[in-house]
Amino acid sequence: MNYALACLAALALLVADEDKIWLKDGKVVAGTIVDRKNAYVEITVDGRKQRVTREKIAKITDANDHVRWIDACETRTAHYTIQSNSEKASIDGLTRKVELFYAWFFANYNADLKLHAMKHLAISFIDHRDEYLTVAKVVQSGGVTPPGFYSQGSEMLFVCREPVGGSEDPDCVLFHEAGHQILHLCANLGGGDEHHWVNEAMACTFEGLKLDGDKAVMGLSDQRIRNLQLRIAHGEALHPLDVLDKLRKEQYHAPEYDQGYALALFFLTGNGGKWKKPFLAYFQDIALTRVRENTFERLFGRKIESFDAEWRDFVVALAVAPQQPGAGGPHR
Ligand SMILES: [Zn+2]
C-alpha cells in the first residue's frame, strides 16, 4: 500500500485508493469504476465518464475488481518482467540492457555453473525518485540508498528512472544488482555472512560491463582499481588475502569492496583464466555452506595467502584511465 500511495502522488491524475483505474496518455492507468457492461466498463476520470474495454480492465484488476495498479504497465521480454508506471518507451533502454546482460552471463557462466534459464526475472522500474526512496525504505533495511537494489526476499530488482543521488553510475549499479539477482535465481548463489567477499566481489565484476552493439562485453570497474592502485602507491596496508576471506558482512565496507572485486577479477581473468573454475567452485561451496578450513586449498591446490604477491602485481599492472579517487560503486 505504501508503494501504491507513493506512486499516486507522482501522477497527474490523482486517486487515493487501489480500486481505481488510471488513465495516462491514452493508456488506462487511473479512474474509478462506476459501471460494468458486457463489452466495456464505464469509469470516471476527473469527474468525466469514459468507456474502457473489458479486456483492458481485466488485465489490471484482480478477482475482487481491485486494480493491481503495478501491472498497469507490465512489459515482458524474453527473460524479464518489468513492472512500471512509466511509459513503455522509457523502459526500452532498461530491457535492452538486462537482456544483453542475461545473454552475456549465460555465455560466460553456463558451462561452469550449470545455470537455470529464467523467463520472468522481476524488475520494478520506478519512475520517480521520492517514490523509489519510499519503496527502498520499506524493502531494504537502512543504509545508503543506491539507484537500484536487489531484494533477495522478494526476488525483485528495484530500479529508479530518475537520478537518486550519490556519485554512483546507474549502469554500474544496475549490472551489480542485476548480477545479485541472476546469481541468486539462475545459479542458486546467494550471499551469506561467511566469506562475504565472494558474493559481493562477483557482483562487482559485472559493474564494468559495456554494451557494444548487440552484445555486452566485460570491462573493468575502473574506479575500484584506481582506488586500490592509489592505496598501494601510498603504501597503505591492504588486508592479507586470508584475512579478507574471513571478513563478515559487518566488516565489509567500501575499501573491502574494492579489494574483493580485484581479487575476484584476478581469479576469473588472471593467468588466462586459470583460476576461474576453482574460484566458481569455491563460490558454490560458500553458497551451500560447504566451506571448511581447507576448502580453498583443496580446490586451488594452494592456500589463499600464497596469492598475495601475485594478486597485488596483477592489480598494479591493470591499465585504467587516471581520475580522482572516489567511492567506486555500489556497496550493498
Ligand atoms: Zn552487492
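Strands β7 and β9 (residues 156-160) run parallel and are joined by five bridges. The model is predicted. Beyond this pairing, the briefing covers the largest nonpolar core, which contains 67 residues, and helix α9 (residues 254-269).

**Strand β7 and its partners**

- Five of the six residues of β7 (residues 121-126) are buried, so the rest of the structure largely encloses this strand.
- Strand β6 (residues 80-84) also pairs with β7, in the parallel sense and over five bridges.
- I123 of β7 is the bridge partner of I82, and L157 in β9 is likewise a bridge partner of I123.

**The largest nonpolar core**

- Among the 67 core residues, L263 and F283 touch the most other members.
- Helix α5 (residues 170-187) makes the greatest contribution to this core, supplying nine residues.
- Domain 2 (77-188) and domain 3 (203-317) each provide at least three residues to the core.
- Apart from neighbours within four places in sequence, L263 is in contact with A201, L241, L244 and W311.

**Helix α9**

- The 16 residues of α9 should span 22 Å at 1.5 Å a residue, and the end C-alpha atoms are 22 Å apart, in agreement with that expectation.
- The buried residues of α9 include the run from Y257 to F267, with L263 among them.
- These buried residues pack against α6 (196-205), α7 (222-233), α8 (241-246), α10 (276-287) and α12 (308-317).
- After α9 comes N271, which has a positive phi near 50°.

Note on methods:
Residues are numbered from 1 along each chain as its sequence is written. This is a predicted model: local features need pLDDT of at least 70, side-chain atom pairs count only at pLDDT 80 or more; totals for chains, interfaces and linings use all residues. A nonpolar core is a set of buried Ala, Val, Leu, Ile, Met, Phe, Trp, Tyr and Cys residues joined through C-beta atoms within 7 Å. A residue is buried if 20 or more other C-beta atoms lie within 10 Å of its own, exposed if 12 or fewer, and partly exposed in between; C-beta atoms are placed from the backbone. Helices (H or I, at least four residues) and strands (E, at least two) are DSSP runs, numbered from the N terminus. Domain bounds come from an automatic or database domain assignment. Two residues are in contact if their C-beta atoms, placed from the backbone, lie within 7 Å. The expected span of a helix is 1.5 Å times one less than its number of residues. Two strands pair if DSSP finds at least two bridges between them.
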